[in-house]
Amino acid sequence: MKVIVDEDKCCGAGQCVLIAPEVFDQRDDDGIVILLEPEPGADRHVQVREAAAVCPAAAIEVIESA
């Protein structure tokens, strides 16, 4: 799995940070989400998918491995 955050779409709601704090964080200056782990381990896949699903700006793209 690979995760991409579109910073231009991100509205800084931070829902993803609450769901998967090991993978996502927010910049202090503007609240935009940053990735801590662009290729999270299998133990975090469920949380990453959930974070992408609840993102109000649809700024998180999850690319599943083939």
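View 1. A search of the whole structure turns up 1 cavity of 30 Å³ or more. A cavity here is a set of points, on a 1 Å grid over the protein atoms alone, where a 1.4 Å probe fits but cannot get out. Rolling a probe the size of a water molecule over the atoms shows where empty space is left. The largest cavity has a volume of about 80 Å³. Its 15 lining residues include Cys10, Gly14, Cys16, Val33 and Cys55, the closest to its centre. Lining residues have an atom within 4 Å of a point. A volume is the space filled by probe spheres set on the points, which are joined across faces, edges and corners. The lining divides into 12 nonpolar residues, 3 polar and no charged. Ala, Val, Leu, Ile, Met, Phe, Trp, Tyr, Cys and Pro count as nonpolar, Asp, Glu, Lys and Arg as charged, and the others, Gly among them, as polar.

**View 2. Valine 33 in strand S3.** Valine 33 is one of the residues closest to the centre of the largest cavity. Its relative accessibility is 3%, so valine 33 counts as buried. Buried means under 20% relative accessible area, exposed over 50%, and partly exposed in between (1.4 Å probe, protein chains only). Not counting residues up to four places away in sequence, valine 33 touches Val5, Glu7, Cys10, Cys16, Phe24, Asp25 and Gln26. Contact means heavy atoms within 4.5 Å. Alanine 59 lies 26 residues from valine 33 in sequence and 9.2 Å from it in space, C-alpha to C-alpha.

**View 3. The two faces of helix H2 (residues 45–54).** Helices (H or I, at least four residues) and strands (E, at least two) are DSSP runs, numbered from the N terminus. His45, Val48, Ala51 and Ala52 are buried in H2. Seen down the helix axis, these buried residues fall within an arc of 125°, so they line one face of H2. The arc is that of the directions from the helix axis to the C-beta atoms. An α-helix has 3.6 residues a turn, so residues three or four places apart point the same way. The cover over the buried residues includes strand S1 (2–5), helix H1 (15–19), strand S2 (24–26) and strand S4 (60–63). On the face turned away from the buried side sit the exposed residues Val46 and Ala53.

**View 4. Histidine 45 and alanine 53, both in helix H2.** Histidine 45 is buried, with a relative accessible area of 16%. Leaving aside neighbours within four places in sequence, histidine 45 is in contact with Met1 and Pro40. Alanine 53 counts as exposed, at 66% relative accessibility.

**View 5. Glutamate 37, in the loop between strand S3 (33–35) and H2.** The side chains of glutamate 37 and arginine 44 are joined by a polar contact of 2.6 Å. A polar contact is a pair of N or O atoms within 3.5 Å; within protein, one must be able to donate a hydrogen and the other to accept it, and residues adjacent in sequence count only if both atoms are side-chain atoms. The glutamate 37 side chain also reaches the backbone nitrogen of glycine 41 at 3.3 Å. Beyond its neighbours within four places in sequence, glutamate 37 is in contact with Glu22, Val23 and Arg44.

**Notes.** Residues are numbered from 1 along each chain as its sequence is written, and side-chain values use heavy atoms, with hydrogens and water left out. In this predicted model, local features need pLDDT of at least 70, side-chain atom pairs count only at pLDDT 80 or more, and totals for chains, interfaces and linings use all residues.

Terms used: On a 1 Å grid over the protein atoms alone, a cavity is a set of points where a 1.4 Å probe fits but cannot get out, and a pocket is an open set with protein on both sides within 12 Å along at least five of seven lines; lining residues have an atom within 4 Å of a point.
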